[in-house]
Each structure stands twice: as C-alpha cells, then as structure tokens.
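Hi everyone, thanks for coming. Please have a look at the model on the screen, and I'll walk you through it.

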Amino acid sequence: MAADTPVEYIKHHLTNLTYGKLPAGYERADGSVVQETSWSFATTAQEATDMGFMAIHVDTMGWSLAMGLLFLGLFRFAASRVTEGVPSGLQNLVEVSFEFIQGLVRDVFHGKNPLIAPLALTIFVWIFLMNVLKLIPVDFIPSLAHAMGLEYFKIVPTTDPNATFGMSFGVFLLILYYSFKVKGVSGFSKELAFNPFNHWSMIPVNLMLEILALIIKPISLALRLFGNMYAGEVVFILIALLPLWAQWTLNVPWAIFHILVIPLQAFIFTVLTVVYLSAAHEDH
C-alpha cells in the first residue's frame, strides 16, 4: 500500500476495490495478457476504469450491506428487549430515532402513506451509519485490507457516487410511482403541462421546466451527499500526509466538525426525500 508520492497516496485512498470484466488481449499492469474475456479484481486505477460501467465497487457494496444489516440488527435487538421500566441505552437511542423521524414526517409529509415514516427512518439511520465510517482513521482499514492482499479498499460508501446515485434513483422511482398512483396518468400529465403557467400556449415551456425540475431532484440528492462526504474524505487524507504532530493538531478539530456533518447530511437527504414524496402525493 506504500505510495512513492503524495499524489499516488491520495489516488490510492480514493480508488475503490473494483471487480469487473477485462476483454481478451488486455495487457495488465504487471505485463501479463488476459487470454480470454474474464472477470477479476482491478490491480490499478486504470484497470478499474477500463472495466467500464458494469464493474462493481466491491467495498462500496460490502460496507453498504454491512451498515444496512447493522441497522436491522440493532433495531431488532432493541425491539426484542423493550422494557417498560428503565430503558437501556440502546432502547433510548432507538426510541429517540423513532420519535425524531415521526415528528419530521408529521411536519413535512401532508399525505397518508404508512410507508413514508419507515422509509425515512431507514434512509436516515442507514446513511448516518455509512457516514460515520469516515471517523475511522484513513489508513487503518486499507492497511488491514492490504495485509489480506487487496490493493485498494475504501470504507465510506457515501464517498462513492455509485452509492449516492443508487439511493437517489430509488427515491426518484418512488416519486414517479406515487405521482402516477395518486394523480393518475392524466392528472400527473396535466400537472407537468400546466405548471407554472396555466395556459395551453405555454405547454412546451411548462414541460421543459417541470421535467427538468423532476430530473434534477435525484441528481441534487446524490451530488449533495457525495460532494460533502467526498470533500471531507479528501481533507482527512491530506491531513494524514502531514507530520504526526500536525495530524493531531488538525485531525481532531476536523473530526469534531464531521460529528456535526455526518448526521446533518443524513438529515438533509431524509428531509428532501420526504418533501419530494409529499409533493408526489399532492393531488390538485
């Protein structure tokens, strides 16, 4: 995992563990040639790029699933040990999370849908758990992975646009689904065609504006979360390049700042999801 220059160190820590398909005849970094089209792990960032769209970021997938299972496990464990007397710390945490999301949905969502509150809770806790991985020292997990023979290994899924766009695309599909379900095909079409200018001559302009606004929703959701978490990760990596005394001087304040950023980004993604779904349920 050693890097000769700071640039190589930064590139290394920002490269995902990628599994993808290399075509027959492809020359790898070690000089070997792929004899037939096959799937394998990328050994360089260039190989990861050459694997194309269908390549899988194994570390992103693995840590995303792990944090999802951790969320389900913790909440199920707390639910199975609920007490009416003095609650445990975990039970308190779960109850606070439930009440917080319940209040958020009550204030923001104006329709009636039993799915919205559980969805909001899942999104908030899942993103929070993925974000909190950022507080682990940047060299710790990659060093363990390198000892196991893995050249690259990122641990914060939300610093990968594939993860943030995957979540935002799921929200986008729900927006479309409930827009058609609640308003019907004709109702949703009229909403796109006659807003914001309620005149038949402005239909082309309305369609352009409304469709653009609809498409921007998942893009802004994904890029906002990715941009904030990726920028924070880059700063942590830059701090790790400094002398040890400077690392402690800068790393602690930056980590404390991210204790605020981590839940804030999860909260923003959750609030916007509920707002967008609330608009999808409004039948004019």
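Let me start with a question: at roughly what angle do the axes of helix H3 and H5 cross? Before I answer, please keep in mind that this is a predicted model. The answer is roughly 120 degrees, and the two axes come within 9 Å. Angles of 65 to 115 degrees would count as roughly perpendicular and those over 145 as roughly antiparallel, so H3 and H5 are oblique to each other. Their crossing is right-handed.

Who touches whom here? From H3, which covers residues 58-80, the contact uses Ser64, Met67, Gly68, Leu70, Phe71 and Phe75. H5 answers with Leu121, Thr122, Val125, Trp126, Leu129 and Met130. Sorted by type, the residues of this contact of H3 with H5 come out as nine nonpolar, three polar and no charged.

Now stay on H5, residues 116-132, and turn to helix H4, residues 89-108. This pair packs at an angle of about 125 degrees, and the axes are 9 Å apart. H4 and H5 are therefore oblique to each other as well, and their crossing is right-handed. On the H4 side you will find Ser97, Phe98, Phe100, Ile101 and Val105, and on the H5 side Ile116, Ala117, Ala120, Leu121 and Phe124. The contact of H4 with H5 has nine nonpolar residues, one polar and no charged.

In what order do its strands lie? The order is S2-S1-S3, in an open sheet of three strands with antiparallel pairing. Strand S2 (38-41) and strand S3 (56-57) are the edge strands with a single partner each, so one side of each has no neighbour in the sheet. Strand S1, residues 18-22, is joined to S2 by four bridges.

Finally, let's zoom out. The chain has nine helices and three strands, and from the N terminus the elements run α-β-β-α-β-α-α-α-α-α-α-α. There are 284 residues, and 40% of them count as buried. The C-alpha trace spans about 65 × 60 × 35 Å along its principal axes. Among contacts with a separation of 6 or more, 66% link residues 24 or more positions apart.

That's my tour, and I'm happy to go back to any of the views.

Methods: Residues are numbered from 1 along each chain as its sequence is written. This is a predicted model: local features need pLDDT of at least 70, side-chain atom pairs count only at pLDDT 80 or more; totals for chains, interfaces and linings use all residues. Side-chain values use heavy atoms; hydrogens and water are left out. Two strands pair if DSSP finds at least two bridges between them. Helices (H or I, at least four residues) and strands (E, at least two) are DSSP runs, numbered from the N terminus. Axes are lines fitted to C-alpha atoms, for helices over the stretch in contact, and angles run from 0 to 180 degrees between N-to-C directions. Angles under 35 degrees count as roughly parallel, over 145 as roughly antiparallel, 65 to 115 as roughly perpendicular and the rest as oblique. A crossing is left-handed if the near helix is turned anticlockwise from the far one by less than a right angle, and right-handed if clockwise. Contact means heavy atoms within 4.5 Å. Ala, Val, Leu, Ile, Met, Phe, Trp, Tyr, Cys and Pro count as nonpolar, Asp, Glu, Lys and Arg as charged, and the others, Gly among them, as polar. Buried means under 20% relative accessible area, exposed over 50%, partly exposed in between (1.4 Å probe, protein chains only).
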